Amino acid sequence: MELLLQQIIAGLATGGIYACFALAVVMIYQAIDHFNFAQGEMAMFSTYVAWQLMAWGLSFWLAFGLTFVFSLVMGAFLYLVVLKPVQNASALSQIVAFIALMCIFNSLAGTIWDYSVKPFPSPFPETALFGALVTGHDLGMIAVTLIMLAGVFYFFKFSTLGLAMRAAAQNPESAQLCGVRVQMMTALGWALAAAIGSVAGMMVAYKVFLEPNMMYSIILYGFAAAIVGGLDSPAGAVAGGFLLGVVENLTGVYVPGGSELKLTFALLLIVVVLMFKPTGLFGHRVVKRV
Amino acid sequence: MTVATTDPLLRVTDLRIRFGGIKALDGVSFDVGRGETVGVIGPNGSGKTTLFNCLSGIYSADEGGIVLDGAAIRGMPAHEIAARGISRTFQNLALFPTMTVLDNVKVGCHSHSSSSFVANALRFPSMLREEAEIRDRAWHWIERLGLEPVAHQLVTDLPMGTQKKTELARALAAEPRLLMLDEPAGGISHEEIDELEELIRRIGQEFGVTILLVEHHVALVMGVCARVVVLNFGQKIADDSPGRVQSDTAVIRAYLGTD
């Protein structure tokens, strides 16, 4: 029993990583009605920027703040320069643009900072809890995720700006006729998604270490968590992230050979959720007239 | 036979747009006076919806003039036309499906929100005040259209008639000078049409909104409009009172074909 509890807590700690990314995924999905496959690499790049700032002697939180601002600008810039020209093209063309961005960021980071694995500091105290399964960093990361969740939730639920952004993503033409500046909303959505991604990157880099390919598996879990939780629900995505972390951890402990099957079980969870509740556990059903 | 108005709210002159070889609008001119309710009818493909799309800025007309309250608006982006006071509803509903009725109507208030979005993000007190104003205004229209019982439901779960009413509330929340309704009676029941007729009349008379109405349901058009513009193959073939239009030979020929 104690082992179970410990594993669940450890799973929540890992889940915090996925939850962080799932939130960024939901943010961009709300703003553009698509996945952004370059999201992980964008976050990785931002994390390198933070690392560089700290290498130049800035404190963690100062580097954190500057990187956040840098990511806001980078997100809006990418939308205006790369994605706006293809936004009326087919979904396939957009996906190709996303994949191109992903490769560009990966190579760019490798070229500037080389491919060696770098340690990344944690701003949280180095204490171990629950039999060393959870560290101070885990708790700090979960707290940061929950704070961001509260911010995103407030933004979409209660602010007019968030409402306008949802409107612009759901039905751009109609939103425009209501006086919403759709392109500005989309640019803002990209900016916020990039910034949330950068926070996620700076939080997880301590655990997975900094290197250009650090996001490959994490972003997969992030997408998975967002799908499980529901793509239009920030809270659902965070819950999905924690759920994935716990399922993955329990699989590793209780299923024979489970540590090899962690990812398989996580992906199986997506399939099961999509079979029984295609909108995700917390998502809304949309009926489209054809 | 255009009714002479010296200072119309909307003046459309010689409007033309072509799609490839098709002249969807071929020199259409008409006025809409302040406070008037004007119907636009015509057989399928006669250019009614194209006209609406040009007026609201979805399409940019090739030639001609669109003047709203003295200001030329042809070629302006749709959000700016919305800000200048033209609101519309759609033939096939264009609501935001996963939002509640209240949220949909709140988006309608958007064209009026004054502070720019950076200021919106930075000046917290003014933002809060504005949010409260928008909420009040949205509620005002929800109450006037009797949508209170469903205000917090997602529009995708509601029946067609209620969704149409929500779209109408959203358009009205922008406090438009010109409200354009594209086939509001399409896809709703007979009882709902009677209610709609009453509602359109109220919007015109009680709320003082100028209305341009595209509709196939002839009885509805004849019931609420003081004047009817008839289009056929992108050209205006009649512009008169409902009674006269009904007996106009060119109109009868357009609907029934030449003998």
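## A tour of the two chains

Start by selecting Ala61(B): leaving aside residues up to four places away in sequence, it touches Leu15(B), Arg16(B), Ile17(B), Leu25(B), Cys54(B) and Arg74(B). Keep in mind throughout that this is a predicted model.

**Stop 1: around Ala61(B)**

Colour the elements on either side of Ala61(B). The residue is in the loop between helix H1 (48-56) and strand S4 (63-68) of chain B. Is Ala61(B) buried or exposed? Ala61(B) has 24 C-beta neighbours inside 10 Å, and a residue is called buried at 20 or more, so Ala61(B) counts as buried.

Ala61(B) and Arg18(B) are 43 residues apart along the chain, yet 8.2 Å separates their C-alpha atoms.

**Stop 2: the four-stranded sheet of chain B**

Select strands S1, S2, S4 and S5 of chain B. They form an open sheet with the order S2-S1-S4-S5 and antiparallel pairing. Which strands are at the edges? They are strand S2 (22-32) and strand S5 (71-72) of chain B, and each of these pairs on one side only. Strands of a sheet pair through backbone hydrogen bonds, either parallel or antiparallel.

Strand S1 of chain B covers residues 10-19 and is joined to S4(B) by five bridges, with the two strands running antiparallel. To see a facing pair, select Arg16(B), which stands opposite Glu63(B) in S4(B). Arg16(B) is also one of the residues that Ala61(B) touches.

**Stop 3: a hairpin in chain B**

Move along chain B to strand S9 (residues 227-232) and strand S10 (residues 235-240). This pair is antiparallel and has five bridges. S9(B) and S10(B) make a hairpin, with two residues between the strands. Where does Asn232(B) sit in relation to S10(B)? Asn232(B) stands opposite Gln235(B) in S10(B). In the turn, select Phe233(B), which has a positive phi of about 50 degrees.

**Stop 4: the domains of chain B**

Colour chain B by domain. Domain 1 takes in 1-85 + 176-259, and domain 2 takes in 95-171. Taken over C-alpha atoms, the centres of domain 1 and domain 2 of chain B are separated by 27 Å.

Then look at where the domains touch. How many residues of each domain of chain B are in contact? Nine residues of domain 1 of chain B are in contact with five residues of domain 2. On the domain 1 side, the residues divide into six nonpolar, two polar and one charged.

**Stop 5: chain B as a whole**

Of its 259 residues, 44% count as buried.

The mean pLDDT of chain B is 84, and 91% of its residues reach 70 or more.

**Stop 6: chain A**

Switch to chain A, where there are 11 helices and two strands. From the N terminus on, the order of elements is α-α-α-α-β-β-α-α-α-α-α-α-α. The radius of gyration of chain A is 19 Å, close to the 19 Å given by the globule rule for 290 residues, so chain A is as compact as a globular protein of that length. Its C-alpha atoms fill a box of roughly 60 × 50 × 35 Å along the principal axes. Buried residues make up 49% of the 290 residues in chain A. Of the contacts in chain A with a separation of 6 or more, 74% are between residues 24 or more positions apart.

**Stop 7: where the chains meet**

Show both chains together. The contact takes 24 residues from chain A and 29 residues from chain B. On the side of chain A that touches chain B, the elements giving two or more residues are helix H6 (160-170) and helix H7 (172-177) of chain A. H6(A) gives the most, with seven residues. By class, this side of chain A has 11 nonpolar, eight polar and five charged residues.

Why is H6(A) described as largely enclosed by the rest of the structure? It is because 11 of the 11 residues of H6(A) are buried. Among them are Thr160(A), Arg166(A) and Gln170(A). For the complex, the predictor gives an ipTM of 0.73 and a pTM of 0.77.

Terms used:
Residues numbered from 1 in each chain as written. Chains lettered and ligands numbered in written order. Predicted model: local features only at pLDDT ≥ 70, side-chain atom pairs only at ≥ 80, totals over all residues. Contact = placed C-beta atoms within 7 Å. Nonpolar A, V, L, I, M, F, W, Y, C, P; charged D, E, K, R; others polar. Domains from an automatic or database assignment. pLDDT = per-residue confidence, 0-100. Rg over C-alpha atoms; globule rule 2.2 N^0.38 Å. Buried ≥ 20, exposed ≤ 12 C-beta atoms within 10 Å, placed from the backbone. Pairing = 2+ DSSP bridges.
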